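Here is a friendly walk through one structure, written for someone who likes to know the cut-offs behind each term. Have the viewer open as you read.

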Number of protein chains: 2
Amino acid sequence: MRYELYYWPSIQGRGEFVRLALEYAEADYADVARTRAGMARMERLMYDGPFAPPFLKAGKLLIAQTANILHYLGPRLGLAPKDEAGRLRLLQHQFTIADWLVEAHDTHHPIGGGLYYEDQKPEAKRRATDFRKSRLPLFLDYFEKVLAREKRFSYVNLSLFQMMEGLDYAFPRTMKAHSHKKLRANQSRVADRLGLYLKKRIPFNQQGIFRHYPELDR
Amino acid sequence: MRYELYYWPSIQGRGEFVRLALEYAEADYADVARTRAGMARMERLMYDGPFAPPFLKAGKLLIAQTANILHYLGPRLGLAPKDEAGRLRLLQHQFTIADWLVEAHDTHHPIGGGLYYEDQKPEAKRRATDFRKSRLPLFLDYFEKVLAREKRFSYVNLSLFQMMEGLDYAFPRTMKAHSHKKLRANQSRVADRLGLYLKKRIPFNQQGIFRHYPELDR
């Protein structure tokens, strides 16, 4: 099966969680919006289609929402078990990662995604402080425990790699103050395995979900 | 199968999306935290367990995250088809509802869930304005189209009922300015069918996800 991924071509964003799974499994796929005339194809599918990218075309299926796409791809790419209980557990983790990701995003856009960062700087500072002090440690501790329980490598490991990479980019000072051994070991393991891809992927940048504003990083 | 639902006993919150499915299907279930010593049982399960309520105990399975629970329950309660394509489509809708719900919540808590509303009132006003003007119409229009496409009644219909009820409670003036025929017809249909339950359920209140602050409603 040749998969077609549709996502904004200039940021890692939510699409990157799907790309990592496809890359790790060495799946046959096209990153459509990054090809010639691909943006026009993406826009055609969005008309009367999914609420937002990313979405995946797999034969006749058109699947949107990151965790939903990974739920579908998981067993097919060898990145999830095939039994229902195992799949539900991973989907639950992925949902919680999605919640965490929204909170990371909202540190720089607490008022509205359609407004500039510059128009919500004081609010962003307050929200980022709350995120760094209350929410981030909660999520890190939680997923450190999840990694201790989950013995089998899955798409959740790839997503946790991406969360750590993004948080290191956005909050380097804050992240240095945390040591979560299993999360860090998982991050290194994935970085080693995906080295070639990581060199050529879209870099983190100031249009993405993770952004580095030093004033938001303590 | 007797299901056990675990959720905070004093608010509708995310748990209500699961309650509605169980009630609609007349399933055999216990709303554990609302029974004697139930809160203690919930807290025991949360220790080393899910990130947050709601979660559902179904035999040996412990399933967290609202959309994940509904994905599991759907086919079992006759509220989702059994085929993969159909289930993925509903899960995708439920995910988008989850995103919408977070945005509705964040209108009154744009800085942090752990802080009081009173400590983030100016920010809440700005965020609520953005929600009412940009985000709410987008979601309403989107789900109006979804209802036109989805012919079969499912747990998504129940969740869209709950979204409309919650938004009517939180933003009565704003909601009166919108007319979305299919969303309103769906709301009436569910209200008729669940009349008895709706009379006895936990009412909307100022501790829940949907809160009515007149200053946030234009």
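The report below goes from the overall build of a chain to its helix packing, the chain contact and some backbone details.

## Ground rules

This is a predicted model, in which local features need pLDDT of at least 70, side-chain atom pairs count only at pLDDT 80 or more, and totals for chains, interfaces and linings use all residues. Residues are numbered from 1 along each chain as its sequence is written, while chains are lettered from A and ligands numbered from 1 in the order in which they are written.

## Overall build of chain A

Chain A has 9 helices and 4 strands; helices (H or I, at least four residues) and strands (E, at least two) are DSSP runs, numbered from the N terminus. Along the sequence of chain A, the pattern reads β-α-β-α-β-β-α-α-α-α-α-α-α.

A compact globule of 218 residues would have a radius of gyration near 17 Å, and chain A agrees, with 17 Å. That radius is taken over C-alpha atoms, and the globule rule is 2.2 Å times the number of residues to the power 0.38. Along the principal axes, the C-alpha atoms of chain A fill a box of roughly 45 × 40 × 30 Å.

Of the 218 residues in chain A, 45% are buried. A residue counts as buried if 20 or more other C-beta atoms lie within 10 Å of its own, as exposed if 12 or fewer do, and as partly exposed in between, with C-beta atoms placed from the backbone. Among the contacts in chain A between residues at least 6 apart in sequence, 70% join residues at least 24 apart; two residues are in contact if their C-beta atoms, placed from the backbone, lie within 7 Å.

## Helix 1, an enclosed element

How many of the 10 residues of helix 1 (residues 15–24) of chain A are buried? The count is 9, so this helix is largely enclosed by the rest of the structure. Among the buried residues of helix 1 of chain A are Glu16(A), Phe17(A), Arg19(A) and Tyr24(A). The buried residues of this helix pack against strand 1 (3–6), strand 2 (29–31), strand 3 (55–58), helix 3 (66–76), helix 6 (155–170) and helix 8 (181–193) of chain A.

In chain B, 9 of the 10 residues of helix 1 are buried, so that helix is largely enclosed by the rest of the structure. The buried residues there include Gly15(B), Val18(B), Leu20(B) and Leu22(B). Their packing partners in chain B include strand 1 (3–6), strand 2 (29–31) and helix 8 (181–193).

## Helix 1 against helix 3 in chain B

Two packed helices are described by the angle between their axes and the distance between the axes. In chain B, the axes of helix 1 (residues 15–24) and helix 3 (residues 66–76) come within 9 Å and cross at roughly 15 degrees. Axes are lines fitted to C-alpha atoms, for helices over the stretch in contact, and angles run from 0 to 180 degrees between N-to-C directions. Helix 1 of chain B and helix 3 of chain B are therefore roughly parallel to each other, a label for angles under 35 degrees.

The contact brings together Phe17(B), Val18(B) and Ala21(B) of helix 1 of chain B with Thr66(B), Ile69(B), Leu70(B) and Leu73(B) of helix 3 of chain B. By class, these residues divide into 6 nonpolar, 1 polar and no charged. Here Ala, Val, Leu, Ile, Met, Phe, Trp, Tyr, Cys and Pro count as nonpolar, Asp, Glu, Lys and Arg as charged, and the others, Gly among them, as polar.

## Where the chains meet

Chain A gives 28 residues to the contact and chain B gives 28 residues. On the side of chain A that touches chain B, strand 4 (61–64), helix 3, helix 4 (84–106) and helix 5 (121–149) each supply at least two residues. That side of chain A has 15 nonpolar, 7 polar and 6 charged residues.

## Backbone details

A cis peptide bond joins Pro53(A) and Pro54(A), with omega about 0 degrees. Pro54(A) sits in the loop between helix 2 (38–46) and strand 3 of chain A. In chain B, the peptide bond from Pro53(B) to Pro54(B) is cis, with omega near 5 degrees.

Glu26(A) is not a glycine, yet has a positive phi of about 50 degrees. Glu26(A) lies in the loop between helix 1 and strand 2 of chain A and is exposed, with 9 other C-beta atoms within 10 Å. In chain B, helix 1 is followed by Glu26(B), whose phi is positive, near 50 degrees.

Methods. Angles under 35 degrees count as roughly parallel, over 145 as roughly antiparallel, 65 to 115 as roughly perpendicular and the rest as oblique.
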